[in-house]
Amino acid sequence: MKKTNNAIKISKGERIFDVFNFLFMICMMIVMFYPMWHVVCASFSDARLLSAHTGLLLWPKNFSLTAYKLMAKNPMILNGYGNTLYILVFGLALNMVMTCLAAYVLSRKNVMFNKVLTVIIVFTMYFSGGLIPTYLNIIQLGLENTLWAVILPGAISTYNMIVMRTGFAAVPDSLEEAAKIDGASSIRVLWQIIIPLSKATIAVVCLYYAVAHWNSWFNAMLYLTDRAKFPLQLILREILIDNDTASMVNAMDVGVGDASFVGETVKYAVIIVSVVPILCVYPFIQRYFTKGVMVGAVKG
Amino acid sequence: MLKLSNGAAADDKLSFKNRLKSDIRRNYPLYILILPVLAYYLIFCYKPMYGALIAFKEYRPDLGVFGSPWVGFYQFKRFFANPDFVRILRNTLTISISSIVFGFPAPIILALLFNELKMPKFKSVAQTISYLPHFISLVVVCGLVKTFVSQGGIIYQLVTLIGDKKVGLLSRPECFVPIYVLSDIWQQIGWSSIIYIAALSAIDQELYEAARIDGANKWKRVIHVTLPGIAPTIIIMFILRMGSLLSVGYEKIILLYNPLIYETSDVILSYNYRVGLEQQDWSYSSAVGLLNSAINFLMIIVMNKLSATFSDTSLW
């Protein structure tokens with residue numbers, strides 16, 4: 001009798017826990033999602049009404065496209081997009097070549113210098129020369145104020161390389177041996193056997209690099225002086241952090257009194273424009289992202 | 001005895017030479033393939049390490065790293081004697097330790113809670129939404145933080161319900177650490193939980209059955225089955241976290257701070273950035289950066305050693 005009583009009690013406690021856990025998850029999702037929703041609503045709101053609004057913003061205030069229209073007139077945003085795409089395309093190409101090469105060589109067995117090479121490479125994950133010597137190095141290489149100053153230092157990410165190496169190492173050795181007997185060169189083995197069989201890992205690593213390029217701003221800030229070369233994130237920084245909306249909002253267009261209010265909505269609109277590409281693809285690719293973390297969890 | 005070992009050594013040497021020869025004959029295409037990668041690491045990682053030598057010199061761009069005169073530990077002494085030193089070190093440790101105390105357990109708890117969810121569909125939606133902030137750029141996150149905590153922003157309104165209404169929260173020194181830590185948790189909690197979720201899914205379900213039969217309730221099963229099951233992952237993540245004890249996310253600090261709140265927000269690396277790139281005090285800032293790298297490296301070695309000794313879990 002006592003035993004059944006006990007069992008019921010436990011299940012009751014567990015049911016209460018489940019309910020609270022469910023409620024907690026709902027709250028968590030709201031907290032995670034609300035800021036983005038707020039931005040969406042604010043960007044479509046009427047500037048004056050928005051500035052008077054207090055509390056949560058659940059729906060656009062008096063739907064208006066003014067902010068987007070103003071932004072479309074600004075050449076810097078489009079230019080920033082262009083620069084970011086340039087960095088993304090060339091950076092990604094370089095990333096994939098370098099990462100595949102390193103991962104392929106380091107995943108081969110019976111290669112005498114692989115241990116030494118691995119130590120040389122992994123050591124850089126834990127120790128670096130520091131910000132200033134790195135900066136001086138780039139300047140000495142003559143890369144200042146070129147987009148290559150942003151691309152080349154990030155040519156390979158050691159973490160991503162390890163993820164890739166783990167993926168490559170999972171391809172059965174027998175396939176490579178068979179190809180070698182048929183006279184295939186190393187590069188051919190990589191290109192025709194290893195890469196086609198590791199598509200999932202390659203997709204994951206590719207996405208990691210792409211997101212990193214899209215979101216990066218620090219190196220661009222350090223090395224680029226010409227505004228025409230600024231990637232999108234650096235333009236965003238001027239607008240969001242330095243609060244410089246003057247270049248975005250021409251008082252002639254909106255009336256002097258409204259300029260500062262409109263500046264506020266333009267801020268939200270540029271956030272949307274910069275985040276939308278990621279938000280659009282995110283639901284479809286997020287499971288690949290998580291897969292990468294799990295592969296990377298296998299220690300180097 | 002001596003002779004024997006000598007003989008063995010000679011034998012080894014010979015076989016090493018032979019091994020080397022056959023290895024190069026067999027694997028030279030691989031060594032050629034990795035050359036560009038090696039070149040990258042030498043030029044972009046090891047050359048700056050050599051460049052860090054200017055921390056012990058008085059760097060003059062016209063003389064280069066090699067030609068600049070040595071000054072020993074002069075730059076380091078300057079840093080220790082600097083009136084800002086105590087403030088910077090205190091801020092770095094405060095922010096870092098608060099991030100560890102609040103930010104490190106958060107994703108573990110979230111993973112445990114995900115693990116207890118019964119509805120698979122709801123679970124995957126909740127997980128997907130929790131990862132989302134990780135993909136938003138730092139510039140945008142800081143822009144959001146700035147908008148929400150400045151006057152009229154939603155968090156400002158919430159806080160001023162109980163606190164006083166004077167200036168935006170980012171102009172109040174006492175608010176910086178909570179803003180930094182909480183926004184960090186917001187952005188990373190979901191993403192960081194993935195690795196623990198992976199570890200949780202690897203726990204043998206039979207252990208839970210056995211515990212249940214032995215009469216363990218949910219809480220006891222978490223303590224005695226779940227936590228020991230993910231302990232190696234927790235330890236590895238903790239070692240890595242301790243290795244960046246002094247590397248507080250300075251990019252974020254540079255985006256968020258302003259001279260009004262340097263008192264609580266200026267850390268070693270943001271200071272390093274300012275004296276290096278804004279005041280161009282090359283040698284001094286290199287010394288600050290090198291000290292930071294060296295301590296971090298030491299931390300990771302010590303933590304790894306401790307972990308290997310006490311728990312058989314280690315990074316390498």
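Me: Where does A:Ser43 lie?
Reply: A:Ser43 lies in helix H1 of chain A, residues 2-43, where helices (H or I, at least four residues) and strands (E, at least two) are DSSP runs numbered from the N terminus. Please keep in mind that this is a predicted model, in which local features need pLDDT of at least 70 and side-chain atom pairs count only at pLDDT 80 or more, while totals for chains, interfaces and linings use all residues. Residues are numbered from 1 along each chain as its sequence is written, and chains are lettered from A and ligands numbered from 1 in the order in which they are written.

Me: Is A:Ser43 buried or exposed?
Reply: A:Ser43 is buried, because 25 other C-beta atoms lie within 10 Å; a residue is called buried if 20 or more other C-beta atoms lie within 10 Å of its own, exposed if 12 or fewer, and partly exposed in between, with C-beta atoms placed from the backbone.

Me: And which residues does A:Ser43 touch?
Reply: Leaving out residues up to four places away in sequence, A:Ser43 touches A:Ala67, A:Thr265, A:Tyr268, A:Ala269 and A:Ile272, where contact means that the C-beta atoms of two residues, placed from the backbone, lie within 7 Å. A:Ser43 and A:Ile271 are 228 residues apart in sequence, yet 8.8 Å apart in space from C-alpha to C-alpha.

Me: What about chain A as a whole?
Reply: Chain A has 15 helices and 0 strands, and 36% of its 300 residues count as buried. Of the contacts in chain A with a separation of 6 or more, 73% are between residues 24 or more positions apart.

Me: Which domains does chain A have?
Reply: The domain assignment gives domain 1 (2-72 + 245-296) and domain 2 (74-228), with bounds that come from an automatic or database domain assignment. The contact between them takes 14 residues from domain 1 and 17 residues from domain 2. On the side of domain 1 that touches domain 2, H15(A) gives the largest share, 10 residues, and that side divides into 10 nonpolar, 3 polar and 1 charged. Here Ala, Val, Leu, Ile, Met, Phe, Trp, Tyr, Cys and Pro count as nonpolar, Asp, Glu, Lys and Arg as charged, and the others, Gly among them, as polar.

Me: Switching to chain B, what does it look like?
Reply: Chain B has 15 helices and 0 strands, and its C-alpha trace spans about 80 × 65 × 40 Å along its principal axes. Buried residues make up 32% of the 316 residues in chain B.

Me: Which residues of H6(B) are buried?
Reply: They are B:Ala126, B:Gln127, B:Ser130 and B:Tyr131. These residues cover an arc of only 130° around the axis, so they sit on the same side of H6(B), the arc being that of the directions from the helix axis to the C-beta atoms.

Me: Last one, how many residues do the chains put into their contact?
Reply: The contact takes 67 residues from chain B and 67 residues from chain A. Helix H1 of chain B, residues 2-51, gives the most to the side of chain B that touches chain A, with 18 residues, and by class that side has 42 nonpolar, 17 polar and 8 charged residues.
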